[in-house]
Amino acid sequence: MTKKLTWILSTLIVFSCSKKEIQGYRGQGPTQRVSTETKPVQKQWKGIYALEDSSLYFSNDFEGGRLNGVVADGNDHYTVLITAENEPINPSPWYAFKVWSKEQKSITVQLVCQNSRSRYYPKISRNGTIFQPLDSSKYTPIGVGEGQYGIQAAPESVEIQLDIDNEATWVSAQELWTSSRVENWINALDQIGGVKQSIIGSSREGRPIRMMTIGNEEAERALMIISRQHPPEVTGFLAMKSFVETLAGKSSQAIHFRESFVTYVVPMMNPDGVDNGHWRHNYGGIDLNRDWQDFNQPETSSVRDFLNASSSEGKEFVFGIDFHSTWDDIYYPIDMSVSDESNQIIYDWIEGITTRLPQKQTNVRPSKSISPTMVSRNYFYKNHNMPAIVFELGDNTPRDFLREKGKVAAEEMMKQILERL
């Protein structure tokens with residue numbers, strides 16, 4: 001792509017940013033039905049951007065990559081442009097790119113996100129697998145927002161300083177956990193034993209919807225765990241990963257639990273969105289966590305069909321969790337005023353986690369709206385009598401705490417369920 005074309009693209013995008021308000025919402029209980037019929041998405045161009053007479057390069061040509069234009073501004077300053085797959089959309093501007101140079105040098109990169117502020121703090125890697133937050137001395141927010149958290153508190157854009165050479169430096173909104181890497185993780189657990197994998201459907205672009213089965217497949221009582229309906233929500237995935245590894249572990253509690261229960265896990269609900277670097281939606285242009293009423297999208301339909309088949313075979317679902325990410329750790333249970341006593345286990349579980357992890361008090365925001373279902377938690381409860389919750393982890397929650405919280409959450413869940421036998 002030529003400099004002229006990238007300049008034209010940048011002008012159009014920046015102009016668009018100045019003329020529109022940021023659109024978005026956050027919540028787990030919409031009270032009005034929204035359409036989930038397929039909408040067009042912008043398929044980003046993937047490849048290598050050659051700049052400075054082909055001595056410096058940017059690339060988005062990998063799973064999870066997101067970079068929609070690059071402008072060389074002069075004096076080793078570059079503007080990277082990030083656009084969404086379609087609109088309106090939650091302001092979760094995902095970005096991921098590689099940059100390298102023929103000669104070792106320091107550059108400044110400004111991240112500009114169309115119709116959004118800069119939500120995610122940059123992560124840096126030299127191999128695309130191990131990421132660390134960018135050194136704060138190399139991070140400059142531009143147009144700092146107001147408030148403690150939320151999109152209005154985020155800066156309008158950011159500048160980052162990078163020291164690059166002829167080996168790629170990866171820059172990403174969060175760690176890259178794409179479909180191939182998740183498949184490798186599932187395969188590793190499968191080889192250890194105690195975990196079986198299957199494919200319960202396909203995404204709109206034809207990627208497999210993978211399911212893990214943990215425990216006694218003949219057990220009458222079952223649990224349902226899902227994650228990654230929204231592509232950028234990696235912290236929720238990481239907590240889920242620790243949760244699953246604890247369930248599949250060698251502790252006496254886990255072994256006992258697996259003898260009496262079976263847990264089904266769909267670790268990546270939206271593989272198209274993840275691999276295409278989407279901000280929020282699947283390849284059908286839809287927020288999957290609004291499609292648990294009409295089931296217009298193949299990803300949600302795959303889980304629905306599996307649950308219906310399991311229930312018809314006599315499975316009793318006793319617990320359901322949908323792992324997500326947001327600005328800070330939050331639990332979204334169903335309010336007891338609109339649920340029966342079986343849902344009390346969710347609140348006892350939250351109390352158990354909070355007691356063991358007092359260093360981080362987590363918000364509990366019960367929802368009094370369960371109709372229309374639309375979100376996974378409501379569908380699980382209304383259609384399968386399953387006590388269920390949306391479990392949100394903060395975008396910037398420390399990774400070691402994510403692992404600990406996932407582990408404790410699994411242990412407390414097993415404890416609560418086993419005590420009710």
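Two strands are taken to pair if DSSP finds at least two bridges between them. Strand β17 (residues 330–333) and β19 meet that condition, pairing in the antiparallel sense over four bridges. The model is a predicted one.

How many of the seven residues of β19 are buried? Seven of the seven are, and the strand is mostly covered. Burial extends to both faces: Ala388, Val390, Glu392 and Gly394 lie on one side, and Ile389, Phe391 and Leu393 on the other.

**Strand β10 and its partners**

Strand β10 (residues 157–164) has six buried residues out of eight, so the strand is largely enclosed by the rest of the structure. Strand β6 (residues 105–113) runs antiparallel to β10 and is joined to it by seven bridges. Within this pairing leucine 111 stands opposite valine 158. Strand β9 (residues 139–142) is likewise antiparallel to β10, with four bridges joining the two. Tyrosine 139 has isoleucine 160 of β10 as its bridge partner.

The bridge counts for these pairings, and for one taken up in the next section, are set out below.

| Strand | Partner | Sense | Bridges |
|---|---|---|---|
| β17 (330–333) | β19 | antiparallel | four |
| β6 (105–113) | β10 | antiparallel | seven |
| β9 (139–142) | β10 | antiparallel | four |
| β2 (56–59) | β5 (96–101) | antiparallel | four |

**An open sheet of six strands**

Six strands form an open antiparallel sheet, in the order β1-β2-β5-β11-β7-β8. β1 (48–51) and β8 (132–133) are the edge strands; each has a single partner, so one side of each is left without a neighbour in the sheet. Inside this order, strand β2 (residues 56–59) is joined to strand β5 (residues 96–101) by four bridges. Tyrosine 57 stands opposite tryptophan 100 of β5.

Helix α2 (residues 179–192) has 14 residues, and its first and last C-alpha atoms are 20 Å apart, close to the 20 Å expected at 1.5 Å a residue. Its buried residues are Ser179, Val182, Trp185, Ile186 and Leu189. These cover an arc of only 120° around the axis, which puts them on the same side of α2. The face turned away from that buried side carries the exposed residues Asn184 and Gln191. Which elements cover the buried residues of α2? The cover includes β12 (195–202), β13 (208–215), α3 (234–247) and α5 (271–275). Just after the helix, glycine 193 takes a positive phi of about 110°.

Helix α6 (residues 298–312) has 15 residues; at 1.5 Å a residue it should span 21 Å, and its end C-alpha atoms are 21 Å apart, which agrees. Buried in α6 are Glu299, Thr300, Ser301, Ser302, Val303, Phe306, Leu307 and Ser310. Glycine 314 follows α6 and has a positive phi, near 100°.

**Serine 227**

Serine 227 belongs to strand β14 (residues 221–227). Is this residue buried or exposed? Serine 227 has a relative accessible area of 0%, so it counts as buried, the limit being under 20%. Leaving aside residues up to four places away in sequence, serine 227 touches Gly236, Phe237, Met240, Val266, Pro267, Met268, Met269, Asp322 and Phe323.

**Pocket and cavity**

The largest pocket has a volume of about 440 Å³. Its lining comprises 19 residues, of which Phe131, Glu175, Leu238, Arg399 and Arg403 lie nearest the centre. β8, α3 and α9 (399–419) each supply at least two residues of this lining. Which element gives the most to the lining? α3 does, with four residues.

The model has one cavity of 30 Å³ or more. The largest cavity holds about 60 Å³ of space. It is lined by 13 residues, and those nearest its centre are Gly64, Trp94, Arg228, Pro231 and Val274.

Conventions. Residues are numbered from 1 along each chain as its sequence is written. This is a predicted model: local features need pLDDT of at least 70, side-chain atom pairs count only at pLDDT 80 or more; totals for chains, interfaces and linings use all residues. Side-chain values use heavy atoms; hydrogens and water are left out. The expected span of a helix is 1.5 Å times one less than its number of residues. Buried means under 20% relative accessible area, exposed over 50%, partly exposed in between (1.4 Å probe, protein chains only). The arc is that of the directions from the helix axis to the C-beta atoms. Contact means heavy atoms within 4.5 Å. On a 1 Å grid over the protein atoms alone, a cavity is a set of points where a 1.4 Å probe fits but cannot get out, and a pocket is an open set with protein on both sides within 12 Å along at least five of seven lines; lining residues have an atom within 4 Å of a point. Grid points are joined across faces, edges and corners, and a volume is the space filled by probe spheres set on the points.
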